Amino acid sequence: MTAEHLAGTAGITRKTLAAIEHGSAAGSIGNVFNVASIVGVPLFGVDDPSELIALRRRGEERLALLPTRVDKKRDKDDGLDF
């Protein structure tokens, strides 16, 4: 697969793909995951997408067991002024 074809399949520019290839922090993590998936890199050590879904579900179940004081959602304004 050429770089141009990969970029087109991922819906990104060749420049963005080059940035991903070089490990630039400027790109979005979604684009990185998308490119990795297209070229067959297993994400999170999982080859099967249904297994990844099961892992996510188990994680959500574990989070649901946390007391609300631990899993408290952050407000948009957390009072930190920088």
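1. Contacts along the chain. Among contacts in the protein chain between residues at least 6 apart in sequence, 26% join residues at least 24 apart. Contact here means heavy atoms within 4.5 Å. T9 is found in helix α1.

2. What kind of model this is. This is a predicted model, in which local features need pLDDT of at least 70, side-chain atom pairs count only at pLDDT 80 or more, and totals for chains, interfaces and linings use all residues. Residues are numbered from 1 along each chain as its sequence is written, and side-chain values use heavy atoms, with hydrogens and water left out. The pLDDT is the predictor's confidence in each residue, from 0 to 100. Its average over the protein chain is 83, and 84% of the residues score at least 70. Among the elements, α1 has the highest mean pLDDT (95) and α4 the lowest (88).

3. Helices. The protein chain has 4 helices and 0 strands, so its pattern along the sequence reads α-α-α-α, where helices (H or I, at least four residues) and strands (E, at least two) are DSSP runs, numbered from the N terminus.

4. Surface and burial. The protein chain exposes about 7,000 Å², and carbon and sulfur atoms supply 56% of that area. Accessible areas come from the Shrake-Rupley method with a 1.4 Å probe; for residues, only the protein chains shown count as cover. Buried residues make up 12% of the 82 residues in the protein chain. The word buried means under 20% relative accessible area, exposed means over 50%, and partly exposed lies in between (1.4 Å probe, protein chains only). T9, for example, counts as partly exposed because its relative accessibility is 43%.

5. The largest nonpolar core. A nonpolar core is a set of buried Ala, Val, Leu, Ile, Met, Phe, Trp, Tyr and Cys residues joined through side-chain atoms within 4.5 Å. The largest one has 8 residues: A3, L6, A7, A10, I12, L17, I20 and V35. Helices α1 (3-10) and α2 (14-21) each supply at least two residues of this core, and α1 gives the most, with 4 residues. In soluble globular proteins, nonpolar side chains tend to be buried together. Leaving aside residues up to four places away in sequence, A7 touches I12, T13, R14 and L17.

6. The nonpolar patch. On the surface, I29, F33, F44, L52 and L55 form a nonpolar patch with about 460 Å² of accessible area together. Patches are made of residues with over 30% relative accessible area and no salt bridge: like charges are joined within 9 Å, nonpolar side chains (Val, Leu, Ile, Met, Phe, Trp, Tyr) within 5 Å. Helices α3 (29-39) and α4 (49-64) each supply at least two residues of the patch. L55 sits in helix α4 and counts as partly exposed because its relative accessibility is 32%.

7. V46. Is V46 buried or exposed? V46 is buried, because its relative accessible area is 8%. The residue lies in the loop between α3 and α4. Not counting residues up to four places away in sequence, V46 touches E51, L52 and L55.

8. Salt bridges. A salt bridge is a side-chain nitrogen of Lys or Arg within 4 Å of a carboxyl oxygen of Asp or Glu. By this rule the count comes to 2. R14 pairs with E21, the closest N and O atoms being 3.5 Å apart, and R14 is partly exposed at 35% relative accessible area. The side chains of E60 and R56 meet in a salt bridge at 3.0 Å, N to O. Both residues, E60 and R56, lie in helix α4, 4 residues apart, about one turn of the helix. E60 counts as partly exposed at 42% relative accessibility, whereas R56 counts as exposed at 60%.
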